[in-house]
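Welcome, and thanks for opening the viewer.

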Amino acid sequence: MVLRQKFWIDRSVQGALIGRVVLYWTIATIYVGLGSACFQFYAHPEWTVLEHFHALFNQYWPWIPSLVLFMPLVVFDIIRMSNLFAGPIYRLRMHLAELTANPNCRPLTFRSDDYWQDLVAPINYLQNEILALQIALNRAMAAATAEEQRNANQAIEQVADNCKNEEDLDWQDEVHLNEHLASVAGVATATLKSN
């Protein structure tokens, strides 16, 4: 078993478990005390209340230190045991956050003694699917970018042909034509990007 760096992993879940343990311990102690008191009151109805409490104390005082010392041990064990299922869920949450930011992150792993080992394979499968979809999307975007560039070049050539064929445009030399084509290319590229 690998020791964890964090003792409290999920305070809300583990705190609820500890609250339940303390509640059950308290209820069990009260139940045993009241049951013994009722039995003693019925067995010796002639005793005074003080004699009953004195007899109960003499009967149960050796158990009081055990009850008090046993409780922290149970709480510690419950926290350690709850780490076996709270830890994997914590790791899963952290992995999903990391996966959202970067699909090419390390695969999900749990400690060998953790519960819910069967969650690892589906999550890693989904991660691989996300990576495959991202690669396909990048390829499609690269192809679309190349196609957009070809379309932009065709639009520029058409505008250039139209400009050369226009009789009312008076171009003094090729420099002015190239400047005009560059401005048309910028407009065409901006138009394609906005679409």
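## The whole molecule

Begin with everything shown: the protein exposes about 14,400 Å², and carbon and sulfur atoms supply 65% of it (areas by the Shrake-Rupley method with a 1.4 Å probe; for residues, only the protein chains shown count as cover). This is a predicted model, in which local features need pLDDT of at least 70 and side-chain atom pairs count only at pLDDT 80 or more, while totals for chains, interfaces and linings use all residues. Residues are numbered from 1 along each chain as its sequence is written, and side-chain values use heavy atoms, with hydrogens and water left out.

Switch to a cartoon view. You will find 5 helices and 0 strands, in the order α-α-α-α-α along the sequence (DSSP runs numbered from the N terminus: helices are H or I with at least four residues, strands E with at least two). Of the 195 residues, 22% are buried (buried is under 20% relative accessible area, exposed over 50%, partly exposed in between, with a 1.4 Å probe and protein chains only).

## Stop one: a nonpolar patch

Select Phe57, Trp61, Trp63, Ile64, Leu67 and Val68, which form a nonpolar patch on the surface with about 640 Å² of accessible area together. Patch members have over 30% relative accessible area and no salt bridge; like charges are joined within 9 Å, and nonpolar side chains (Val, Leu, Ile, Met, Phe, Trp, Tyr) within 5 Å. A salt bridge here is a side-chain nitrogen of Lys or Arg within 4 Å of a carboxyl oxygen of Asp or Glu. Helix 3 (residues 63-101) gives the most to this patch, with 4 residues. Now pick Trp61, in the loop between helix 2 (49-60) and helix 3; Trp61 is partly exposed, at 47% relative accessible area.

## Stop two: Asp10

Next, select Asp10, in the segment before helix 1 (11-43). Is Asp10 buried or exposed? Asp10 is buried, with a relative accessible area of 16%. Its side chain makes a polar contact with the side chain of Ser12 at 2.9 Å (N or O atoms within 3.5 Å; within protein, one must be able to donate a hydrogen and the other to accept it, and residues adjacent in sequence count only if both atoms are side-chain atoms). Leaving aside neighbours within four places in sequence, Asp10 is in contact with Gly15, Ala86 and Arg93 (heavy atoms within 4.5 Å).
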